[in-house]
Amino acid sequence: ADTTERTKEKERFNQLVYYDALTNLPNRELFVDRLDQAIQHVRRKKESGAVLVLDLDHFKRINDTLGHPIGDQLIKAVSVRLLKVLFDSDTVTRISGGSFIILLPRVAKTEDAENVANKLLTAFKAPFLINEHELFTSCSIGIALFPGDGETSDILIKNADAAMHISKERGKDRFQLFSSSIANNSFERLVLENSLRRAMERKEFCLYYQPQLDLRTGKTIGAEALIRWRHPDLGFIPPMEFIPIAEETGLIHPIGEWVLQTACKQKKIWDEQGFNSFRVSVNLSARQFHYANLVDMVGDTIRKSGIDPKCLDLELTESTIMDRLEETTLTLRRLKNMGAHISIDDFGTGYSSLMYLKTFPIDTIKIDKSFVDHVVTDADDQAITHAIISMAHSLKLDVVAEGVETREQLDLLRSQNCDIIQGYLFSKPVPTDNITPFLLSDIAKKFIS
């Protein structure tokens with residue numbers, strides 16, 4: 001009896017020490033121990049193994065909208081489904097939130113690990129039934145093979161995680177093999193992230209402005225504020241390189257607030273110089289837009305700067321407004337009631353429903369540059385731009401065409417009754433001091449003469 005009790009006590013101890021309380025999966029410590037053994041085995045036998053990092057896409061959204069108890073139930077259901085795909089000799093561990101690590105102790109070739117990844121992706125196609133909720137979710141997977149991609153557990157997990165992040169960046173619901181280029185990108189990314197954290201206090205950011213031309217009047221009616229980062233060693237770093245990092249790290253909140261405050265202060269300066277009949281546009285990223293204090297922050301910025309709220313244009317991408325529809329509608333209405341102008345950027349690249357477009361309190365649609373690029377030569381793009389312009393006008397919305405670079409594009413868009421253009425034909429984004437000539441209507445009018 002004593003032996004039986006001691007055995008049970010040892011089992012309870014092992015369960016507490018080596019297994020995840022929520023899923024009963026092996027914990028990280030046990031996983032690393034098994035991975036270390038697998039590494040030693042393949043080294044002796046000259047075989048291969050694989051580590052997969054799997055992360056649920058949009059798991060935070062489920063926690064935020066349905067609550068953590070539902071999120072926990074989903075994690076349990078995901079764990080069960082993963083085990084059904086894997087062999088008994090494989091190990092799966094939950095490392096945090098919706099993130100898992102998987103050990104395939106022996107793979108004969110790279111394709112074996114890829115096949116497992118594809119099976120895992122397929123397993124997520126069916127919905128998860130959690131209480132009364134039918135939840136659809138996908139996952140992103142990174143794969144590191146050993147010994148080729150690393151000979152220690154720490155390096156293998158790190159490399160698989162880096163590959164997983166690349167998978168996220170390239171569209172989610174996919175897998176990515178680790179490579180030396182990913183290692184280089186990861187190091188460069190770390191350097192950029194560390195520099196980005198200090199860029200604000202070192203005042204390395206500045207705003208450029210790209211003017212917008214009203215095709216009906218020939219006047220400059222707006223200017224889009226675009227952030228630029230002047231790194232002391234690397235020079236100008238394109239927004240497409242640092243904005244995604246800012247989004248992931250949460251630095252987008254202080255950076256976005258700085259952009260809004262700086263643009264509003266500059267608008268006030270232009271007002272005092274007599275240029276008060278145009279709007280300044282500021283982009284709001286998805287993470288910014290869904291931040292709890294966004295509306296209060298915008299209101300405080302408008303009041304402190306002293307500008308007319310009707311002169312502030314807030315731009316959101318099409319995909320942003322289609323996320324969390326009830327919350328989005330409420331936020332948009334609060335911003336609109338404040339007096340701000342609302343524009344939908346990159347229109348045509350997402351999946352907006354006309355019903356929602358009609359419901360949202362928006363003022364302007366911006367046709368994405370991808371349609372403007374070939375509007376003169378591609379009949380399909382011509383049809384798309386014409387349809388967008390006609391639809392917008394029927395809803396009493398203005399239309400801005402982005403990326404206009406040639407006179408032929410301008411003429412065609414004007415023949416389709418497009419209202420406003422923005423692009424290199426009129427002006428590249430320019431520093432604050434260089435935009436004043438474009439605010440003079442006689443200079444702007446030459447572009448439509």
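Select Pro 147 first, which is found in the loop between strand 6 and helix 6; helices here are DSSP runs of H or I of at least four residues and strands are runs of E of at least two, numbered from the N terminus. The peptide bond that joins Phe 146 and Pro 147 is cis, with omega at about 15 degrees. Most residues other than glycine have a negative phi, and most peptide bonds are trans. The model is a predicted one, in which local features need pLDDT of at least 70 and side-chain atom pairs count only at pLDDT 80 or more, while totals for chains, interfaces and linings use all residues. Residues are numbered from 1 along each chain as its sequence is written, and side-chain values use heavy atoms, with hydrogens and water left out.

Go on to the loop between helix 6 and strand 7, where Asp 173 is found. Its phi is near 55 degrees, a positive value in a residue other than glycine. Asp 173 counts as partly exposed because its relative accessibility is 33%, where buried means under 20% relative accessible area, exposed over 50% and partly exposed in between, with a 1.4 Å probe and protein chains only.

Now display the open sheet of 5 strands, whose order is 2-3-1-6-7 with mixed pairing; two strands pair if DSSP finds at least two bridges between them. Strand 2 (91–96) and strand 7 (175–177) stand at the edges with a single partner strand each, so one side of each is left without a neighbour in the sheet. On average, neighbouring strands of this sheet are turned by 20 degrees against each other, direction ignored; axes are lines fitted to C-alpha atoms, for helices over the stretch in contact, and angles run from 0 to 180 degrees between N-to-C directions. Within the sheet, strand 1 (residues 49–56) and strand 3 (residues 99–104) run antiparallel and are joined by 6 bridges, and Val 53 stands opposite Ile 101 in strand 3.

Which helices lie across these strands? Helix 4 (residues 68–85) lies across strand 1, strand 2 and strand 3, at about 15 degrees to strand 3, whereas helix 6 (residues 153–169) lies across strand 1, strand 3, strand 6 (139–146) and strand 7, at about 145 degrees to strand 6; contact means heavy atoms within 4.5 Å.

Next, select strand 13 (residues 341–347), in which Asp 346 lies. Asp 346 has a positive phi of about 60 degrees although it is not a glycine, and it is partly exposed, with a relative accessible area of 24%.

Strand 13 and strand 14 (364–367) each supply at least two residues of the lining of the largest cavity. That lining includes Gln 212, Arg 279, Asp 313, His 341 and Lys 366, and about 50 Å³ of space lies inside. On a 1 Å grid over the protein atoms alone, a cavity is a set of points where a 1.4 Å probe fits but cannot get out, and lining residues have an atom within 4 Å of a point; grid points are joined across faces, edges and corners, and a volume is the space filled by probe spheres set on the points.

Finish at helix 17 (residues 407–415), where Gln 409, Leu 410, Leu 412 and Leu 413 are buried. The buried residues of helix 17 pack against helix 15 (369–372), helix 16 (379–394), strand 15 (398–402) and strand 16 (420–422). Just after helix 17, Asn 417 takes a positive phi of about 70 degrees.

Key
On a 1 Å grid over the protein atoms alone, a cavity is a set of points where a 1.4 Å probe fits but cannot get out, and a pocket is an open set with protein on both sides within 12 Å along at least five of seven lines; lining residues have an atom within 4 Å of a point.
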